[in-house]
Structures are given as structure tokens and as C-alpha cells.
Amino acid sequence: MIMKTNITTYILGAGLLLSSCADLDQTSISSIDKENFYQNESDIKVALNGIYQQLTTGGMNAPWNNEVIYFNDLQSEYARRGTANSADITEIGNFSITPTNGFVKTAWNYRYLAINRANILIDKVAGVSLDETTRSNYTNAAKFLRALYYFDLVRYFGDVPLVLHDGEGEGEPRTSQDLVYEQIVTDLTDAEQITPDFAPLTSQASAGAASALLAKVYLTWAQTDTDYAKEHQSELLQKSVAAADRVISAGKYQLISKFIDNWSLDKKEGAELIFTVEHKFSVNRNITGHCVFSTGFTNASLPVIAALNNDIYNDFDPNDQRRDASVTLRLFNPADGKYFDFERLRFRKYIDTLYMANESAPYISGQNTSSSVLRYADVLLVKAEAENELNGPTAAAYDAINQVRRRAYWSPYENTQKQPTDGTTLNLSGLSKEQFRAAVQAERFKEFITEGSRWFDLKRWHILVKTIKEKVDADDLKYKNISPRNYYLPVPEDQIVLNPNLKQNWGYAGETSGDPYTAKGWE
């Protein structure tokens with residue numbers, strides 16, 4: 001069951017009072033009567049905020065407080081559960097996830113709640129007295145968010161019920177991925193019409209964010225191996241490149257010279273940021289900011305989100321500024337004015353030592369730091385990848401990837417362009433299609449650590465199991481447990497109990513044969 005009929009729409013959320021990375025109670029929320037609420041623009045604005053709210057409501061389990069990072073980075077070759085008293089986190093980190101996992105349950109529930117809020121707003125705004133531009137902006141902002149939530153669902157679970165109106169969804173079977181992607185594309189195409197004055201902040205839906213997400217959606221859809229995607233792959237890749245080009249040609253976004261500034265508290269509206277989730281300590285704090293640094297300055301224990309080992313540090317060239325911005329073995333401790341050396345590296349992007357230096361601030365790191373959902377670097381690498389898959393390594397593909405590489409090897413402190421220390425060229429050229437594909441994959445690995453992308457990437461490249469087997473020690477539970485079933489999450493068990501028309505994903509109901517993923521050539 002997705003949504004019951006006559007469901008009450010929840011809008012207003014209380015502040016979050018979170019202190020650890022253990023399982024936490026869900027935040028209580030107020031409710032309003034949807035039948036009498038949608039009377040004017042003020043009501044519509046509150047309703048739209050309620051859709052945004054689901055990005056961070058729900059404490060640790062909220063999509064962009066922790067969940068997206070847990071599913072994508074803990075289910076990767078470079079991270080593991082460190083110190084946490086949560087069986088759910090342990091399951092995710094060890095590839096032993098079950099249909100009763102709390103994060104699986106809320107990943108489904110929170111997104112469908114948000115989708116239902118979007119459905120209600122889209123239906124109700126038609127009856128509110130507004131000028132047509134304003135009405136269109138609210139409608140299309142809700143469509144952007146609905147598309148974002150569905151994009152997560154279809155990547156997490158595969159086929160999912162497609163529900164577009166309040167009161168629908170009860171007893172619905174799973175809709176094919178192609179139809180879900182088709183709706184996502186329709187919503188994002190409409191959202192490209194949002195006017196610039198309506199969305200001045202990166203944490204708001206905008207035309208640029210719609211185009212950027214659309215480029216990613218088309219590329220992902222082209223790689224799903226459905227019958228439609230196979231037949232129309234070239235068309236989908238062409239549309240991915242075209243959407244990326246719309247972002248690029250708009251001239252609104254650019255790579256910033258100092259990579260780490262994308263997570264600086266005083267640069268939340270930086271030129272590289274296309275869509276972010278805004279966090280505030282006392283309201284919807286970024287729990288990832290705590291979980292990557294829950295130990296503070298000590299080697300006595302590991303943080304909740306821990307590095308599998310220190311190999312990832314050595315995967316970076318010393319001149320690549322993304323290394324020390326993404327992972328670090330040394331941090332300045334403002335409490336004693338000295339540098340502290342860690343035995344096991346820490347994930348860096350959400351650690352804010354300047355905030356900790358404020359004596360009036362709680363000793364919890366990075367929880368005001370915004371989450372980066374879409375950055376300009378992502379658009380460039382999506383374009384490079386789609387262009388290569390379509391036409392091979394063209395000049396346009398090289399231009400896109402080399403922009404990302406040049407920024408990576410730029411030294412913002414010395415104001416000079418560095419070169420790789422291993423003697424390879426900074427600007428790639430002369431590669432085969434397969435070599436260029438590997439180069440894009442290498443850049444995405446270095447660019448998006450702890451940004452909720454890695455598992456999604458390994459899945460769509462169909463190399464998830466292969467990568468874990470190659471990078472993780474054979475005695476590690478990650479290595480022992482990884483199997484083709486981990487290409488998708490299980491459908492929550494309670495949803496199948498409520499709606500027997502929902503069928504479980506392969507491998508989560510005791511199957512030991514008939515794996516459909518290896519049969520497709522997924523490694």
C-alpha cells in the first residue's frame with residue numbers, strides 16, 4: 001500500500017533534537033486539513049515547503065540527513081560502518097541488508113509521503129487565484145521535487161508504483177521502470193520552465209536544476225537494460241547531452257577554483273552549486289557532518305562512517321586538490337591549536353573545524369553544511385560520459401572531462417596549474433572509447449566521495465560486484481556478502497504485507513538461483 005485514500009497531508013515539522021548516529025525516534029509533525037487549506041499563495045508556499053521538508057525530516061533516516069550517503073557510500077568499496085549501535089547501518093555497510101531494515105522502510109515511506117504532498121499541490125493549485133506564471137512556477141517546482149523523489153525510488157528499488165494523484169496507490173502493483181522514467185522526464189521538462197526570479201537559492205527548484213537532473217536521468221535510463229532503453233539508447237544519450245548543454249550554455253554555473261569551498265558555510269550559494277539541501281543545526285542538521293567525525297580528535301575508535309582502509313588516500317595524485325578535501329589523515333584541532341594525525345583517514349567534506357572553534361557552538365562537526373545534490377562538475381562528467389557512449393571520445397567529451405581535471409590539479413593556494421606527478425598528461429587525449437569510459441569512471445570516483453553517488457554509479461555501470469571483489473579483502477564481510485541481489489534494495493517487508501500485489505526484488509525472499517542481473521552481463 002502506497003497511500004491510503006483521504007490521507008492527511010503533513011506540512012509543519014518540529015525542530016530536530018539529535019545527538020548521535022544511533023536509531024532515533026521520528027520527529028513529530030503537525031497536520032492540516034488538505035480540503036480547506038489551499039486558499040491562497042501563502043498556503044501554496046507552505047505546501048511546497050512541506051515537499052522540500054521531506055528531504056530532511058525523519059532524523060538520521062531522512063534522505064539527505066544520512067540515508068543517501070549510507071546507501072551510496074557505505075555500499076561502496078571505500079567505506080564501512082565504523083562505531084554505531086545500529087543494526088540497520090551494519091546491514092547496509094556489510095551488504096547484508098534485509099527487507100525489514102529501517103532505512104529501507106523509510107526510504108520508501110518518506111519519498112511516497114513527499115510524492116503525495118506534491119500530487120496534492122499540483123492538483124489543488126489549479127483552483128487557487130494566482131496569475132498563470134506564479135501558478136506554473138509552484139506547479140513545476142512540485143514536479144521537480146516529485147521527479148527527484150521518483151528518481152531515487154527507481155534507482156533504489158527498480159520498478160515502483162507510479163502514483164500521480166492523492167487517494168491513488170492502494171493495492172497498486174509495481175510500474176515498469178520505463179514508465180517511471182517517462183514520468184520523471186515529463187516532470188523535469190515542465191520544471192525547466194521555472195522562471196529565474198522564483199528560485200534565487202540553490203536549495204530551491206530551478207530551471208537549471210531541472211536540466212541538470214534531466215541530463216543525469218537520461219544517462220541513467222539509457223543504462224538500465226530495459227527493452228525500451230536498449231532500443232532507444234542513442235536517443236536517450238543524445239537527450240542527456242542536450243540537457244547538459246542547456247546547463248552549460250546558460251552560463252550561470254561554473255567550476256570554482258577551490259574544491260573544498262563547495263562545503264564551506266560562507267559559500268553556500270557558490271557558482272558550482274546547482275541544487276543543494278540546506279541544513280541548520282537547530283532545525284534539520286546535516287547528520288552526515290557528525291557521522292564522519294563522531295569520534296572527534298582521537299584514534300581510540302572509528303567514526304560511524306569510516307574508511308575501509310587508507311588505500312583511498314593513495315588513489316589520489318598528491319597534486320589533486322580533491323584528495324585533502326575529500327579524505328584526510330591530518331586535521332587542525334582548534335581546541336589546542338595543533339594538527340592531529342589520524343591512523344585511519346577521515347572523510348573530509350562535512351568536517352567543519354572552523355565551526356568547532358566557535359566556543360559558543362556545540363562540539364559537533366559540519367551539521368550546518370549543505371548537502372550537494374547537483375554540482376556543475378556532475379553536469380560536465382555526465383556530458384562527457386553520454387557523449388563518449390554515443391559517439392566515442394569527441395572533442396566535446398574531452399573538453400567536458402578536462403575542465404574537471406584542470407580544476408582538480410589547480411592549486412588555489414599557489415594560484416598555479418599543477419600537473420599529475422606520475423608523468424601522465426593533465427588534458428586527456430587520444431583515448432579509445434573504452435579508455436575514455438574508464439577515465440570518466442575514475443574522475444567520478446575522485447569527485448563525488450561521500451556525496452551519495454558511488455553505489456548508483458557502480459550499479460548503472462553494471463560493475464558493482466566486480467568492483468567490491470577487486471577492492472575489498474576476501475576476509476571482509478563486504479566481500480563475503482556482496483552478491484548480484486545488491487544491485488537493488490529489497491522492497492520493505494511491511495509494504496508487501498499491506499499490498500500483496502508488490503513483488504519482492506530477486507534475492508531477498510530466499511532465492512539462490514535464477515539471478516536476473518548476471519544473466520544481463522552485470523558484473
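**Cavities in the model**

Five cavities of 30 Å³ or more are present in this structure, which is a predicted model.

**The largest cavity**

The largest cavity holds about 330 Å³ of space. Its lining is formed by 28 residues, and F151, R155, T220, F456 and R460 are the closest to the centre. Two or more lining residues are contributed by each of α3 (63–74), α6, α7 (177–191), α8 (207–222), β8 (371–375) and α19 (454–460). Helix α6 supplies the largest share of this lining, with five residues.

By residue class, the lining of the largest cavity comprises 13 nonpolar, seven polar and eight charged residues.

**The second largest cavity**

The second largest cavity contains about 50 Å³ of space. The residues K216, S372, V373, L374, R375, D378, F448, E451 and S453 line this cavity. Strand β8 provides the largest share of the lining, namely four residues.

The lining of the second largest cavity consists of three nonpolar, two polar and four charged residues.

**The nonpolar core**

The largest nonpolar core comprises 149 residues, and within it L48, Y70, F144, I184, F275 and F347 have the most contacts. Helix α6, spanning residues 132–157, gives the largest share of this core, 14 residues. Helix α6 likewise gives the largest share of the lining of the largest cavity.

When neighbours within four places in sequence are set aside, F144 is in contact with L188, A191, A205, A209, A210, L213 and F275. Among these partners, F275 is itself one of the core residues with the most contacts.

Technical notes. Residues are numbered from 1 along each chain as its sequence is written. This is a predicted model: local features need pLDDT of at least 70, side-chain atom pairs count only at pLDDT 80 or more; totals for chains, interfaces and linings use all residues. Side-chain values use heavy atoms; hydrogens and water are left out. A nonpolar core is a set of buried Ala, Val, Leu, Ile, Met, Phe, Trp, Tyr and Cys residues joined through side-chain atoms within 4.5 Å. Buried means under 20% relative accessible area, exposed over 50%, partly exposed in between (1.4 Å probe, protein chains only). Contact means heavy atoms within 4.5 Å. On a 1 Å grid over the protein atoms alone, a cavity is a set of points where a 1.4 Å probe fits but cannot get out, and a pocket is an open set with protein on both sides within 12 Å along at least five of seven lines; lining residues have an atom within 4 Å of a point. Grid points are joined across faces, edges and corners, and a volume is the space filled by probe spheres set on the points. Ala, Val, Leu, Ile, Met, Phe, Trp, Tyr, Cys and Pro count as nonpolar, Asp, Glu, Lys and Arg as charged, and the others, Gly among them, as polar.
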